[in-house]
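Hello,

Here is the structure I promised to pass on to you. Have a look through it first, and then read on for what I found.

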Amino acid sequence: MAGLIKDEDIQLVRERVRIDEVVEQYVTLRNAGGGSRKGLCPFHDEKTPSFNVSPSRGTYHCFGCGEGGDAIKFLQQIEGLTFVESVERLAAKYGLQLRYDESVQQRGPRRDPQQRQRLLEAHRLAAEFYSTVLQSSPDGQAGRQFVTDRGFDQSAAGTFGMGFAPRGGEELVSHLKGKGFTDDELTIGGLASRGQRGLYDRFRGRLMWPIREMTGEVVGFGARRMFDDDRIEAKYLNTSETPIYKKSQVLYGLDMARRQISSSSQAVVVEGYTDVMACHQAGVRTAVATCGTAFGEEHARILRRILLDHDAFRGEVIFTFDGDEAGQRAAMKAFEGDQQFTAQTYVAVEPRGMDPCDLRLADGDAAVRELVASRIPLYRFVLENTLTKYDLDRGDQRIDAVRESVGLASAIRDKSKTEEFLREIATRVGVDVDQVREEHRRHKPATKPQRI
Ligand SMILES: [Zn+2]
């Protein structure tokens with residue numbers, strides 16, 4: 001059982017760690033005068049920054065929710081770590097060696113203090129291993145062909161760290177065990193599964209994308225099915241939840257897109273790994289994707305913290321939904337979610353239903369950039385989808401169309417935006433705006449939209 005970290009080593013961590021560097025892994029900070037810096041608080045939902053960081057004092061404080069402390073506390077809070085885990089992680093980041101006082105036994109459940117570092121190291125080595133297989137092994141041939149067929153060259157595959165999981169089923173396990181990793185580390189990290197005859201590789205015969213945190217560290221993988229005899233039917237497999245991988249908090253490509261998102265105040269959300277690659281290759285360097293899950297409130301919060309511009313969130317988030325039903329449902333869901341976010345949300349729809357990767361293959365890089373530039377506000381996209389159900393040449397249908405459309409207006413809580421929307425409905429349907437206003441007044445929402 002590990003003892004407590006020696007006090008003087010904790011003190012050393014406090015002195016060496018730069019609080020602004022630690023916070024900036026999660027939050028965009030700007031200068032706030034007097035040597036202090038501020039950004040959007042990661043601990044409560046806010047639109048104007050009240051989260052202050054003082055590099056000279058090594059502390060942070062939020063005037064909105066009252067949270068505050070030093071770098072150790074910050075990491076504890078944002079990553080859900082214990083005090084000791086937080087000190088260990090900071091020490092590892094800054095290359096500080098910790099000493100433990102073995103005479104004092106730690107209370108509470110047993111825990112491997114180095115677990116996170118070990119799992120990150122295992123993932124780093126796994127990514128390296130998969131990458132070598134993709135580049136040079138006969139097993140990787142199918143993967144190399146796929147990369148080429150999708151319009152990517154070797155250097156693009158290298159930039160994104162693409163790899164290939166061998167078909168044999170035990171290659172990665174024996175590689176990592178040869179490097180000293182235990183069975184538990186490989187299964188807990190999601191790299192291996194336990195079968196009747198021992199461990200086997202979690203990913204077999206699949207094309208691999210390492211999923212990196214904002215800091216660039218590999219925390220998981222996305223894996224595409226390549227062979228018909230693959231016993232796992234799913235086209236895409238992702239790392240399941242592990243101590244270092246939480247899919248609700250991961251955006252693929254964010255490590256590369258982050259700076260560009262911050263400087264251009266724009267983020268593009270696409271649906272797959274190849275779409276992120278296609279966008280970046282085409283010059284849309286703000287593209288990210290969720291990994292095996294729908295875009296959720298936590299993803300929105302992460303983007304908002306990066307998009308912070310001066311005192312307010314002024315960025316644009318552009319979704320490339322395809323026109324299909326799932327895409328439209330996702331749009332409707334976003335519409336009912338965070339209003340501030342919704343107001344900044346745009347949709348870029350390719351008329352033929354092509355995703356960015358297919359579009360780039362068919363029409364080249366410029367077409368991808370044009371798709372993003374052709375974005376329309378989310379509310380207009382939702383309105384258009386609603387109106388397609390009606391024949392607007394018929395008077396009775398126009399009335400029904402107005403009735404349903406004003407229901408959308410009720411989801412808008414920002415009253416200044418409501419009037420604008422009502423006018424747009426009137427124009428699109430071809431009725432007088434007073435008639436739309438009247439319907440809107442009479443409209444009683446069946447259920448109050450849930451505030452997230
Ligand atoms: Zn706060």
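Cys-62 is buried, with 1% relative accessibility; buried stands for under 20% relative accessible area, exposed for over 50%, and partly exposed for anything in between, using a 1.4 Å probe and protein chains only. Cys-41 is buried too, at 4%. Both belong to the zinc site: the ion is coordinated by Cys-41 (SG), His-44 (ND1), Cys-62 (SG) and Cys-65 (SG), at 2.1 to 2.3 Å. Donors here are N, O and S atoms within 2.8 Å of the metal (3.2 Å for Na, K and Ca), and since water is not among the atoms, sites may look incomplete.

Along the chain, the donors of the zinc ion are spaced as C-x2-H-x17-C-x2-C. Cys-41 sits in the loop between strand E3 (37–39) and strand E4 (51–54), while Cys-62 is in strand E5 (residues 59–62), so the pair ties together parts that are 21 residues apart in sequence. Helices (H or I, at least four residues) and strands (E, at least two) are DSSP runs numbered from the N terminus. The angles among the four donor atoms run from 102 to 119 degrees, and the site is tetrahedral. That label is given to four donors if all angles lie between 85 and 135 degrees; four count as square planar and six as octahedral if opposite donors are over 155 degrees apart and all others between 65 and 115, and anything else is irregular.

Before going further, a word on how to read all this. This is a predicted model, in which local features need pLDDT of at least 70 and side-chain atom pairs count only at pLDDT 80 or more, while totals for chains, interfaces and linings use all residues. Residues are numbered from 1 along each chain as its sequence is written, and side-chain values use heavy atoms, with hydrogens and water left out.

The predictor's confidence in each residue is its pLDDT, from 0 to 100. The protein chain has a mean pLDDT of 87, with 88% of its residues at 70 or more. Over residues 448–452, pLDDT stays under 50, and the model has seven contacts for them beyond four places in sequence; a contact means heavy atoms within 4.5 Å. Where pLDDT is low, the predicted coordinates should not be read in detail.

As for the overall picture, the protein chain has 20 helices and 21 strands, and 48% of its 452 residues count as buried. Among contacts between residues at least 6 apart in sequence, 65% join residues at least 24 apart.

Now to the inside. A nonpolar core is a set of buried Ala, Val, Leu, Ile, Met, Phe, Trp, Tyr and Cys residues joined through side-chain atoms within 4.5 Å. The largest one has 62 residues, and those touching the most other members are Tyr-130, Met-162, Leu-176, Phe-203, Trp-209, Phe-221 and Tyr-252. Helix H5 (residues 115–136) gives the most to this core, with ten residues. Domain 2 (115–243) and domain 3 (251–378) both contribute residues, so this core lies between them; the domain bounds come from an automatic or database domain assignment. A second, separate core of 37 residues includes Leu-254, Leu-303, Leu-378 and Leu-408.

Leu-303 is also one of the buried residues of helix H12. In that helix (residues 297–307), nine of the eleven residues are buried.

- Tyr-245 is in the loop between strand E13 (236–238) and strand E14 (251–252), and is buried at 0% relative accessibility. Beyond four places in sequence, its contacts include Ile-211, Val-219, Asn-238 and Cys-291.
- Thr-345 is in strand E20 (residues 345–347) and is buried, at 2%. Leaving out residues up to four places away in sequence, Thr-345 touches Val-317, Phe-319, Pro-377 and Leu-378.
- His-280 belongs to helix H11 (residues 273–282) and is buried, at 4%.
- Ser-265 has a positive phi of about 55 degrees although it is not a glycine. This residue is in the loop between helix H10 (254–264) and strand E15 (266–270).
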